[in-house]
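Here is a short note on the model you sent.

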Amino acid sequence: MLETTIAAIRPPDESAMAAARELQGRLTKPAGSLGALEELSVRLAGLAGHCPPPLPEPAAVAIFAGDHGVHAQGVTPWPQEVTAQMIGNFLAGGAVVNAFARQAGASVTVVDVGVATPLPAADDPSTTPAAGTPPSADGPRADGSVAAPGADVVGTLPSRDVPRLVAANVRPGTRDLAVTAALTRDEARAAVETGIRVADDLIDAGAGILLTGDMGIGNTTPAAALIAAFAGIDPAQTTGRGTGVDDPTYARKVDVVRAALRRHAPDPADPLGVLAAVGGLEHAALAGLILGAAARRTPVLLDGVIAVSAALAAAAFAPHAVAAMVAGHRSAEPGATVALRRLGLEPLIDLGLRLGEGTGALLALPVVTGAVRVLHEVATFDSAGVAEK
């Protein structure tokens, strides 16, 4: 699945981009007056392959959740159980992402790709059961891969008022990346392919744009490691304070990331290997979501530092996948700016956010919709009878 998805990712359509630029020049406004929105509309036309591109709606947020063995290194003061507790909050509609999703009219799908604490049973009305039997940590299939459970069960978009849980747990949390590889290559592949299947299912169900979300106590540590590995820079430039750690914890976090990169020496030309060595299950699944969206020529609106670290992996798998990416916001985490620069993306908003969940992407969603709506609805000088300069 991973290889066929990568093979389906194509460069943007230059003729559609040219048509969008030409149309922007004929609309009843001074040329360039909408700033970055004009180039965004051009990029989305190139992704869609025609001008104007379809309106990016309905919107679907996919929150991938996982736990991290590196939590044992004291990189965060938050207990690991909070990951599962926050999933309960998502499903009850009480998190910030839920409030913003209701405002934006977006659906919310929560995907357990690697939570360590047991979650609601599969027969819970809010839970979509996994297909097949989840593999053990060391139980590859006959073809050498690990099954990616629960990734073909989305079916229809969930109600905007009732979030849904997809059970797709590859393993109950990663191993401690400070001690050993966080994942096997089979497990990393299973998580990536879970993300691809979720993207396919949400798009098949009608989603016009996908928004990245994440939940995982300690997940900014692997994000910092991923960004440092792909960018080839010192972890001090990619590691932030996450949920607001104190100075000693922050110093320990930087040391943990630096030591892990020395231990594993991940090769940025081998994105699956990088994800396996120092990534998280939610990072790998988000990379898959991005690849799946790019293969379907559907835009994916990136959230914060977890999403952009996954986006670097997606771009390493398939450079043209960047054409599907829209940077929703600039996270306060320093690694986010490093990753965005590496991807060549400018964020739409910069509000000092560092919550995750998909919150920044949701706030940026109306900007993306507005950029496309201009091409659909604004009159040209000729049609409106307005004199040009």
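1. Within it, Val61 stands opposite Val108 in E2. Please keep in mind that this is a predicted model.

2. E2 also pairs with strand E4 (residues 164-167), in the parallel sense and over 4 bridges. Here Thr109 has Arg164 in E4 as its bridge partner.

3. Strand E2 (residues 107-114) is largely enclosed by the rest of the structure, because 8 of its 8 residues are buried, that is, under 20% relative accessible area.

4. The largest nonpolar core has 81 residues, and the members touching the most others are Leu210, Leu289, Leu291 and Met325. H11 provides the largest share of this core, 11 residues. Apart from it lies another core, of 33 residues, which includes Val61, Leu165, Leu362 and Val368.

5. Beyond its neighbours within four places in sequence, Met325 is in contact with Arg43, Ile290, Val300, Leu302, Ala311, Ala314, Ala315, Leu343 and Leu345.

6. The largest pocket holds about 520 Å³ of space. Its lining comprises 30 residues, and those nearest the centre are Met215, Ile217, Thr243, Arg354 and Leu355. By class, the lining has 11 nonpolar, 12 polar and 7 charged residues.

7. Which elements supply at least two residues each to the lining of the largest pocket? They are helix H4 (82-92), strand E5 (209-215), helix H7 (220-231) and helix H11 (305-317).

How values were computed
Residues are numbered from 1 along each chain as its sequence is written. This is a predicted model: local features need pLDDT of at least 70, side-chain atom pairs count only at pLDDT 80 or more; totals for chains, interfaces and linings use all residues. Side-chain values use heavy atoms; hydrogens and water are left out. On a 1 Å grid over the protein atoms alone, a cavity is a set of points where a 1.4 Å probe fits but cannot get out, and a pocket is an open set with protein on both sides within 12 Å along at least five of seven lines; lining residues have an atom within 4 Å of a point. Grid points are joined across faces, edges and corners, and a volume is the space filled by probe spheres set on the points. Ala, Val, Leu, Ile, Met, Phe, Trp, Tyr, Cys and Pro count as nonpolar, Asp, Glu, Lys and Arg as charged, and the others, Gly among them, as polar. Buried means under 20% relative accessible area, exposed over 50%, partly exposed in between (1.4 Å probe, protein chains only). Two strands pair if DSSP finds at least two bridges between them. A nonpolar core is a set of buried Ala, Val, Leu, Ile, Met, Phe, Trp, Tyr and Cys residues joined through side-chain atoms within 4.5 Å. Contact means heavy atoms within 4.5 Å.
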